[in-house]
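Have a look at the structure, then follow the short tour below.

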Amino acid sequence: MGVDLRQVVAGVLTITMFVMLGQMLHRDYFDAVQVQGDAHDIVFHGSKVSLEEDGLVRTSEGPWMENSHQLKPCWSISQPDEEVSSKGYVTFSLTNGPEYHISQITDAVMVAKHLGATLVLPDIRGSKPGDEMNFEDIYDVDKLVKSLESVVNVVKKLPSHVSLRDIAIVKVPSRVAEDYIKEHIDPIFKSKGNIRVTTYFPSVNLRKSSLDGETDPVSCLAMFGSLELKPGVSDLVESMIQRLKKSDGRFIAIDLRVEILEKKNCRETGGMGSKTCYNAQEIALFLRKLGFGSDTTIYLTQPRWESSLNILKDIFPKTFTKEAIMPAEKKGKYLELENSEYENVIDFYISSRSDVFVPAIPGLFYANTVGKRIALGKPQVLVPAEISGSSGLSTDYISPYISKKNHLAYSCFC
């Protein structure tokens with residue numbers, strides 16, 4: 001029986017159409033990777049690649065993107081004519097790691113500002129009962145107080161005359177707005193005089209929305225201008241970054257934590273090559289096919305080395321976790337304690353300042369890391385996918401937060 005050439009051609013075109021459709025529908029929990037988009041102003045080093053017999057991309061440098069200019073704050077907060085008044089107290093805690101701290105302090109400042117209340121410096125609580133730290137163990141107290149002085153009064157402790165029984169616990173949604181505060185929180189505050197704010201997260205997405213209206217400048221200030229690491233912790237992060245850059249001046253940070261991957265079902269999400277999370281082997285192949293060479297330096301947020309990461313080190317020998325690059329004299333304080341808050345902070349700030357950031361896991365760590373990177377002019381955030389061919393262009397995998405400029409940070413910086 002003969003084969004009709006027209007049928008063969010039609011079949012090939014049909015398959016090609018479905019492949020293209022799958023790429024167009026690439027959607028996952030990371031948001032949508034823009035296959036063709038607003039990356040025309042991106043400059044690369046060594047982006048031209050060659051193919052070898054094994055089909056993997058080889059290059060001595062890789063598709064490193066030039067940093068863009070560091071953006072400037074668009075928000076403006078006028079100095080009050082008189083000292084900020086106070087009618088009561090707002091207390092809160094920082095929990096679940098630095099990616100949550102940013103949202104929690106933003107919401108607490110927004111509530112205190114619009115209620116005319118005094119903000120009490122928060123404590124920091126870990127994931128286990130009894131894991132508690134003082135704010136000043138990690139963050140710069142003076143920076144926080146000074147940055148917010150034109151917005152709210154900040155005190156270190158709740159006055160002794162205020163009883164815990166007089167404090168009402170109020171849950172607020174992340175990115176709380178002034179209208180919500182007036183309608184739902186102000187009546188409680190007027191009744192009790194003092195409140196404790198806990199933030200809940202209806203979504204971990206930080207996209208701008210046309211429904212949000214104009215971003216409140218107080219929110220921008222709190223989110224991007226109030227939290228800084230204390231000098232000792234900041235110095236440690238800086239020393240680790242310099243060790244990662246020592247080889248060739250650049251490095252990739254990958255948010256990949258084995259324990260979280262084991263709990264997740266990294267399933268496909270509809271589009272070809274699209275999944276909800278990625279393991280070490282998948283990330284390694286993704287980076288190789290984009291053109292990153294075997295001499296690329298990689299930092300992993302994984303707390304300690306595990307055998308499942310060996311495949312990544314086989315392809316990229318200069319792959320490290322924090323225990324390998326932290327100065328020995330610092331490990332007793334920052335690695336050997338059961339409290340992991342220090343480790344979470346180190347991961348977040350190294351990921352924010354790496355030359356490339358790759359989130360193997362979706363969530364608020366990814367979203368708030370992108371926000372910090374936007375402010376710092378570091379746009380190379382690559383959202384993973386399974387690349388069907390032997391190579392791919394890194395511009396096809398730039399985070400849509402950046403390629404579409406739809407991250408909340410773009411409302412605060414210009």
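This is a predicted model: local features need pLDDT of at least 70, side-chain atom pairs count only at pLDDT 80 or more; totals for chains, interfaces and linings use all residues.

## The overall picture

The protein has 14 helices and 18 strands. Of its 414 residues, 50% are buried. The protein exposes about 20200 Å², and 51% of that comes from carbon and sulfur atoms.

What about contacts along the chain? If you take the contacts between residues at least 6 apart in sequence, 74% of them join residues at least 24 apart.

## A sheet of four strands

Now find the open sheet whose four strands run in the order β17-β16-β15-β18, with parallel pairing. Which strands stand at its edges? They are β17 (319–320) and β18 (356–359); each has a single partner strand, so one side of each is left without a neighbour in the sheet. As a bit of background, strands of a sheet pair through backbone hydrogen bonds, and they can do that in a parallel or an antiparallel way.

Zoom in on β15, which covers residues 252–255 and pairs with β18 in the parallel sense over four bridges. Along this pairing, I254 stands opposite V358 in β18.

## Helices on the sheet

Two helices to look for here are α8 and α13. Helix α8 (residues 280–290) packs on the sheet and touches β15, β16 (298–300) and β18. The direction of α8 makes about 150 degrees with that of β15.

Helix α13 (residues 364–376) packs on the sheet too, touching β15 and β18. Its direction makes about 165 degrees with that of β18.

## A look at D123

Next, hop over to strand β10 (residues 123–125), where you'll find D123. The side chains of D123 and R125 are joined by a polar contact of 3.0 Å.

Which residues does D123 touch, leaving aside its neighbours within four places in sequence? The list is F92, S93, L94, E132 and M133.

## Two residues with positive phi

Most residues other than glycine have a negative phi. With that in mind, check out R175: it isn't a glycine, yet it has a positive phi of about 65 degrees. R175 lies in the loop between β13 (167–173) and α4 (178–192). Its relative accessibility is 31%, so R175 counts as partly exposed.

K405 isn't a glycine either, and it has a positive phi of about 50 degrees. You'll find K405 in the segment after α14 (400–403).

How values were computed:
Residues are numbered from 1 along each chain as its sequence is written. Side-chain values use heavy atoms; hydrogens and water are left out. Two strands pair if DSSP finds at least two bridges between them. Contact means heavy atoms within 4.5 Å. Axes are lines fitted to C-alpha atoms, for helices over the stretch in contact, and angles run from 0 to 180 degrees between N-to-C directions. A polar contact is a pair of N or O atoms within 3.5 Å; within protein, one must be able to donate a hydrogen and the other to accept it, and residues adjacent in sequence count only if both atoms are side-chain atoms. Buried means under 20% relative accessible area, exposed over 50%, partly exposed in between (1.4 Å probe, protein chains only). Accessible areas come from the Shrake-Rupley method with a 1.4 Å probe; for residues, only the protein chains shown count as cover.
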